[in-house]
Amino acid sequence: MKLLFDENLSPRLVQLLASEYPGSAHIHAVGLGEAGDIEVWEYAKTHGYIIASKDGDFFEMSVVRGAPPKLVWIRRGNCNTADIVELLRAHRESIELLARHEDGRYLAID
């Protein structure tokens, strides 16, 4: 279960969460730093990532387009990287269920 962290999340999350989410990447590390949402969506779909983002546009795409890819929509407002790490660790089991469930599209967490 690997996450693709959107630009609104810190690239440090890849290293900080490496044991919980091995194989994860940040969009800047895969050459998508200036890419639009559809390019990010297609990359995640092609490479087997779950998108992790605070961007509501990805939620709308998941409703319209379905999965894959799946989405972890982080709905917490202003917070720091440590808060995001704690949140993703606390919801690891739910994210794993999302990854395994064929009909799942997204998981909203806050």
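Colleague: Is E20 buried or exposed?
Modeller: E20 is buried, at 15% relative accessible area (buried is under 20%, exposed over 50%, partly exposed in between, with a 1.4 Å probe and protein chains only). This is a predicted model, in which local features need pLDDT of at least 70 and side-chain atom pairs pLDDT 80 or more, while totals for chains, interfaces and linings use all residues. Residues are numbered from 1 along each chain as its sequence is written, and side-chain values use heavy atoms, without hydrogens or water.

Colleague: Which side chain does E20 meet in a salt bridge?
Modeller: R89, at 2.7 Å from N to O (a salt bridge is a Lys or Arg side-chain nitrogen within 4 Å of an Asp or Glu carboxyl oxygen). E20 lies in the loop between α1 and β2 and R89 in helix α4, so the pair ties together parts 69 residues apart in sequence (helices are DSSP runs of H or I, at least four residues; strands are runs of E, at least two; both are numbered from the N terminus).

Colleague: How many salt bridges does the count come to?
Modeller: The count is 4. Among them, R92 pairs with E96 at 2.8 Å, and R100 pairs with E96 at 3.3 Å. Shared partners join R92, E96 and R100 into one network.

Colleague: Where does D6 lie?
Modeller: D6 is in the loop between β1 and α1. D6 is buried without a salt bridge, and the nearest side chain of opposite charge, K54, is 11 Å away (Lys and Arg count as positive, Asp and Glu as negative; His and chain ends are not counted).
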